[in-house]
Each structure stands twice: as C-alpha cells, then as structure tokens.
Amino acid sequence: MTPEDLLISIMSITPAAISTAFSASMIIAYICFSKIRSNLSVNFVAFLSVSTLTSCVAVIAANLFFDEDIVDDKTTFCQFQAFALQYAKLSSLAWTTTIAYATYQNCVNEVRLEDIRRGLYTYHALCNVLPLILSLAPFYFHAYGYDTVNHVCWLRIRELHPQTFFYLGLGFFYVPLVIALFFLLISYRLVIRETCKRLTDQKQAEFTKKLISYQVPLFICFVPEAVYRAYFALYNVHLPWAAIMCVFCYNILGTLNATVYGGEVLALLGEESPFSYFCFCFKREASGHSEVAFDSDHNSDEQRSRYNSLSH
C-alpha cells in the first residue's frame, strides 16, 4: 500500500466511523424512546440516518477488507458493497429532498403536519423503493466495480475508458444529485422568504435562517466528489489531494446530518419542543400534543418568550 493509499484509507475510515456513531445514536433514540416516534420530523431524521449508516458501513468494510492488488470486480463482496453505497447515496438524497418538500408544504403552502404525515408511505416508496431500482440497474450495465480513485467499489472509473463512467454516473447518480440540489436551493429560499414575513422579532428571523444549514450536508459531501469525478472522466488526470478531500467530505455526511437535524431529536427528549424542521410554523402543545399554526398575529407573549429562549 502506497502512502497515498494509506492516507485515503485513514481519511475514509475516520470520518465514516464518527458518522456511524452519530447516525446510530439517532436510530437508537428513535427505537428506544417511543414518545418521539409520533413526531414527523423525527421519523424523517431516523430514516435519513439509516441511509447514512448504510453508506458508512459500506465504506468502512471496503477499506478494511479490500486489497487493491487482488480485488476482483466480479466478487460478490465488491458488487454488494457497490450496490449498498449506491443505494445509500440515492436514499440520502431522497430523504433530504423529502424534508425540504415537507418544510415547503408546511411553511409556504400551510399544509398541516397531519396531512403531510398521511403521505409517509409515498415518501417511503420514493426514498427507498426508487433508489433500490436505480441501484439494481447498474448490474445490467456491469457498471459496478472497484474505483481506484476513492478505493471503494461503486460506479467504476476505468482509466482506459473514463467516459464510460461519466455517462453511467450521470444517469444513475449525478442527474438525481443536481435535481436535489436545485430543489433544496429553491424550496428553502421560498421558505425563508415566507417565514421572515411572519416573524417580527429579529432573533426569531435569524433563527429561521438556520434553515440554510439544511442545505450544507449535500453541498459539502457530494459536490466536491461530483466535480472531481467529472474532471477525471473528461481529462483522465488523477489528483491525489482532490481524492483525499472528496473521501473526507463524503464520509462526514452522517456527522453533518446529525449536527443539522439531530437537535430536534435531542430537544424532543425533553418535556416539549417545537418542530424545528418546519421553521416553527407549528408548535407542540404539552397537554394534548396538538399542532397549532405559528402565526405572528396570533402568538401569545408566552409563545414568543419560548421561541426567543430557543434563539439564544
């Protein structure tokens, strides 16, 4: 193993292990604490954590058990690991987009959370079944294999035919990635604009702008890898520093998701918490656990004080 290979493995395993711990903690909290499972936002973050956990396990397994000198693209382990990584990436994109969609529906279109919750089976179909189909399709094209760029089995890059990956990756992953990124940018921009109209307190307005952070994981974890892989496919030039940066950025996905979204899970373990995913348009009543529209014209002083306290 060359020094570059060793460094890439370290920069893959270390953030992946940390992300595994964060993702697992979200899942364990969801399973062990029944009182938070009725919260729609907690369901979303738990399902997203399953996807990131799958990806982390696949990356760790690839770096611990693969030997580049003897690896065979046709081995069952390599093919399964490539399939697991592809499914986890697509599922993560889908659940992140679903959170953005639910936020938009709740804040802009003023759809109640109860109505959004009725579509949970549809969300599972789009975020689990559809990625499963898109993950099975590369088997037909023999697109899975050992990727010497990132040292894992995924949609493979061949030095002799790098353009092949460009078209396969474009159809099976990067088109969905671009769609998801544009949807996040547009939907959260509309949500922030609409929410800021309802809020009169400056601290509350600043707090809602934290919705911007919901876009951070996808951009940090997927965009550098997409740019570098497109560069490699077009020019067939390997940049070690870019490869190291890409593997590190992608493998901190679970950590970033837990940091951005996991606060809702921790808050709900207390006595009461507003729905931070939905920019505080609704609140949880301590008595009946009902959901009430958050409107600046109808907020009581007590409600305002609660939101002000959260903004510190």
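**Close-up views of a predicted model**

By the rule that a salt bridge is a side-chain nitrogen of Lys or Arg within 4 Å of a carboxyl oxygen of Asp or Glu, the count comes to two salt bridges. The structure is a predicted model, in which local features need pLDDT of at least 70, side-chain atom pairs count only at pLDDT 80 or more, and totals for chains, interfaces and linings use all residues. Residues are numbered from 1 along each chain as its sequence is written, and side-chain values use heavy atoms, with hydrogens and water left out.

**View 1. The salt bridge of Lys89 and Glu225**. The closest N and O atoms of Lys89 and Glu225 are 3.2 Å apart. This pair links distant parts of the chain, since Lys89 lies in helix α3 and Glu225 in helix α8 (residues 216-235), 136 residues apart. Helices (H or I, at least four residues) and strands (E, at least two) are DSSP runs, numbered from the N terminus. Lys89 is buried, with a relative accessible area of 1%, and Glu225 is buried as well, at 3%. Here buried means under 20% relative accessible area, exposed means over 50%, and partly exposed lies in between (1.4 Å probe, protein chains only).

**View 2. The salt bridge of Arg118 and Asp115**. In this pair the closest N and O atoms are 2.2 Å apart. Arg118 is exposed, with a relative accessible area of 61%, while Asp115 counts as partly exposed at 39% relative accessibility.

**View 3. The disulfide of Cys78 and Cys153**. A disulfide is a pair of cysteine sulfur atoms within 2.5 Å, and by this rule the count comes to one. The sulfur atoms of Cys78 and Cys153 are 1.9 Å apart. The torsion about their S-S bond is about -100 degrees, so the disulfide is left-handed. Cys78 belongs to helix α3 (residues 76-107) and Cys153 to strand β2 (residues 152-155), so the bond ties together parts that are 75 residues apart in sequence. Cys78 is buried, with a relative accessible area of 0%, and Cys153 is buried with a value of 0%.

**View 4. Cys221 and its closest cysteine sulfur**. The closest cysteine sulfur to that of Cys221 is in Cys249, at 7.0 Å, which is too far for a bond. Cys221 is buried, with a relative accessible area of 0%.

**View 5. The aromatic pair of Phe44 and Tyr123**. Rings of Phe, Tyr and Trp (its six-membered ring) pair if their centres lie within 6.5 Å; planes under 30 degrees apart count as stacked, over 60 as edge-to-face and the rest as tilted. The structure holds 12 aromatic pairs. One of them, formed by Phe44 and Tyr123, is edge-to-face, with 5.8 Å from centre to centre and 65 degrees between the planes. Phe44 in helix α2 and Tyr123 in helix α5 (residues 120-140) are 79 residues apart, and their pair links distant parts of the chain. Both Phe44 and Tyr123 are buried. Together with Tyr30, Phe47 and Trp95, these two residues form one aromatic cluster.

**View 6. Helix α2 (residues 40-65)**. The expected span of a helix is 1.5 Å times one less than its number of residues. Helix α2 is mostly covered, with 20 of its 26 residues buried.

**View 7. The backbone at Glu110**. Most residues other than glycine have a negative phi. Glu110, although not a glycine, has a positive phi of about 55 degrees. Glu110 is found in the loop between α3 and α4 (113-117), and at 54% relative accessibility it counts as exposed.

**View 8. A nonpolar surface patch**. Val178, Phe182, Leu185 and Ile186 make a patch of about 380 Å². Patches are made of residues with over 30% relative accessible area and no salt bridge: like charges are joined within 9 Å, and nonpolar side chains (Val, Leu, Ile, Met, Phe, Trp, Tyr) within 5 Å. Accessible areas come from the Shrake-Rupley method with a 1.4 Å probe, and for residues only the protein chains shown count as cover.
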